[in-house]
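Please look over the sequence and the model shown below, and then follow the points topic by topic.

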Amino acid sequence: MSNYNEKIILGVDLQKSAAQINADLKKLQSRLNQSPVVKSLSRWLSVDSATAFFTPRLKEAVSDLKEVDRLLTQISKTNARLSASDLKEIGSSSFDIAGKYGKNAADYLSAVREASLAGYKNAADIAELSLALQSAGGMSAELANQSIIAADKAYRLGGSVEKLSEILDGNSYIANRNNVNLTELAEAIAATEARTSALGIKADETAAALGTMMSVTHQGGSEAAEAFQSILLYMQQITDTERGIDFGSLSDCEAACSALNVSLKETRNGVLALRNPMEVIQDLAAEYSGLASGDSRKTSLLSSVGGGENARALDAILQNYDLYREMLQEYANSAGFLNAEAKKTADSWEGSLNRIGNTWNATIGNIVDSDLVVSIINSLNSLLTVLDNVTDKLGPLGSIGTGIGLFTGLKNVGSPKMFGHKIVLNIPTVCRFCRIRQFKTYRLCDTQV
């Protein structure tokens, strides 16, 4: 049985594996000791304090770095053009970029992945824009990405970050200055942009119209979007069975507008055509604001667009057309507002803590490269797999002998000390750490040393 202490008949050389783990752990110890962070903290932390301080943070960092690695792998699958050096650069820069907006590196890399899936060649730039919107508006990553993609497609911007920034700056400024929830406004704009752009309505007009309706009526994003789209259908004489808009109701709307001396049509190049709906609304507002509250023409117009929420929304913009024009001006003067708002979030408690977390994770990532971690894990994996198999063959007593031989081979690993050469990093500690960090997942991997 003495042979089991040196070599096990299952094809794994215990002494060689132990030596590999010992060498890798010494590399890990050396890198930790050379880190400026560890050198600095070891001057004022006691042994116990250092252990208590670093252990949970190291575990969290490993978990976060594992997620970063997973996202980078997914990004590489969505964009075959990215080289290994490109991916490394994206991963390295993710901590600083995310920190600018008070977000985690994983938030940024998730946005890069989604932009890559959407086909953007400048996925990293689009992702940064998404983070700014998430941070400034407190909105979900899904809605931020949806808002950017919807605007880009609606106005055919070709992924231009500059033009997209102008739109997002304007939307954010309107929401901020008029007590409108940016998340709700973004939801409404994303839902209507495809139709408004097709009708020739500009991005600033869409944002100002919806902003006016929501500011006055306090409608939510989905309600305002539905009402605005219905109003546009009436103005453009388009039937919609789901909304109950038929030829009869379209005729009623046209007649109600005519009663206010406003025509839905005009002659262009000798051809009768429908007018731009925002021009119609402008003319209606000029007439509508002068009507008495009980004037039948006002009631007729509001009824002709379906009544209910549609009537409330139309009344809001016609009665408050000056507010609409103010929002257009605010939109025009909004350059840089989104990033300014995002910076406020980044400087908050939560944002600052995320930034500190990014710095710590980046530090650990620089100290410990993934190849070294994988080498340690795979070596342990091989040894523990052997030990499991021997346990089955030898029973409890034989396993004890094998275990003694295994850890005797690793006797040099028990002495490395981190953080001022005081804290012991031994194999039982490493095994516990790997088990806590879902070591079983690695046990299932096919690739082993």
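At what angle do H5 and H6 pack, and how far apart are their axes? In this predicted model, H5 and H6 pack at an angle of about 125 degrees, and their axes lie 8 Å apart. The points below begin with that pair, go on to other packed helices, and end with the cavities and one glycine.

**Helices H5 and H6**

- Since angles from 65 to 115 degrees count as roughly perpendicular and those over 145 as roughly antiparallel, H5 and H6 are therefore described as oblique to each other.
- The crossing that H5 and H6 make is right-handed, and on the H5 side the contact involves Asp107, Tyr108, Ala111, Val112, Ala115 and Ser116, while H6 contributes Ala123, Ala124, Ile126, Ala127, Glu128, Ser130 and Leu131.
- Sorted by class, the residues in the contact of H5 with H6 comprise nine nonpolar, two polar and two charged.

**Helices H12 and H14**

- Helix H12, which covers residues 247-258, packs with helix H14, residues 296-304, at an angle of about 150 degrees, and their axes are 8 Å apart.
- Because angles over 145 degrees count as roughly antiparallel, H12 and H14 are roughly antiparallel to each other.
- The crossing of H12 and H14 is left-handed, and its contact brings Ser249, Asp252, Cys253, Ala256 and Cys257 of H12 together with Ser300, Leu301 and Ser304 of H14.
- The contact of H12 with H14 contains four nonpolar, three polar and one charged residues.

**Helices H11 and H15**

- Helix H11 (residues 221-235) and helix H15 (residues 308-319) pack at an angle of about 80 degrees, with 9 Å between their axes, and H11 and H15 are therefore roughly perpendicular to each other.
- In this pair, Glu226, Ala227, Ser230, Ile231 and Met235 of H11 meet Glu309, Asn310, Ala313 and Leu314 of H15, and the classes in the contact are five nonpolar, two polar and two charged residues.

**Largest cavity**

- The count of cavities of 30 Å³ or more comes to five, and the largest cavity holds about 110 Å³ of space.
- This largest cavity is lined by 13 residues, of which Ser147, Leu168, Asn171, Ala186 and Ile189 are the closest to its centre.
- Helix H7 (141-154), helix H8 (161-177) and helix H9 (182-198) each supply at least two residues of that lining, and H9 gives the most, with six residues.
- By class, the lining of the largest cavity is made up of nine nonpolar, three polar and one charged residues.

**Second largest cavity**

- The second largest cavity has a volume of about 50 Å³, and its lining consists of Ala111, Glu114, Ala115, Ile126, Ala127, Ser130, Asn145, Ile148 and Ile149.
- Two or more residues of this lining come from each of helix H5 (105-117), helix H6 (123-137) and H7, and the classes represented are six nonpolar, two polar and one charged.

**Gly137**

- Gly137 is found in helix H6, and, leaving aside residues up to four places away in sequence, Gly137 touches Leu182 and Thr183.
- Although Gly137 and Ser172 are 35 residues apart in sequence, their C-alpha atoms are 7.6 Å apart in space.

Key. Residues are numbered from 1 along each chain as its sequence is written. This is a predicted model: local features need pLDDT of at least 70, side-chain atom pairs count only at pLDDT 80 or more; totals for chains, interfaces and linings use all residues. Side-chain values use heavy atoms; hydrogens and water are left out. On a 1 Å grid over the protein atoms alone, a cavity is a set of points where a 1.4 Å probe fits but cannot get out, and a pocket is an open set with protein on both sides within 12 Å along at least five of seven lines; lining residues have an atom within 4 Å of a point. Grid points are joined across faces, edges and corners, and a volume is the space filled by probe spheres set on the points. Helices (H or I, at least four residues) and strands (E, at least two) are DSSP runs, numbered from the N terminus. Ala, Val, Leu, Ile, Met, Phe, Trp, Tyr, Cys and Pro count as nonpolar, Asp, Glu, Lys and Arg as charged, and the others, Gly among them, as polar. Axes are lines fitted to C-alpha atoms, for helices over the stretch in contact, and angles run from 0 to 180 degrees between N-to-C directions. Angles under 35 degrees count as roughly parallel, over 145 as roughly antiparallel, 65 to 115 as roughly perpendicular and the rest as oblique. A crossing is left-handed if the near helix is turned anticlockwise from the far one by less than a right angle, and right-handed if clockwise. Contact means heavy atoms within 4.5 Å.
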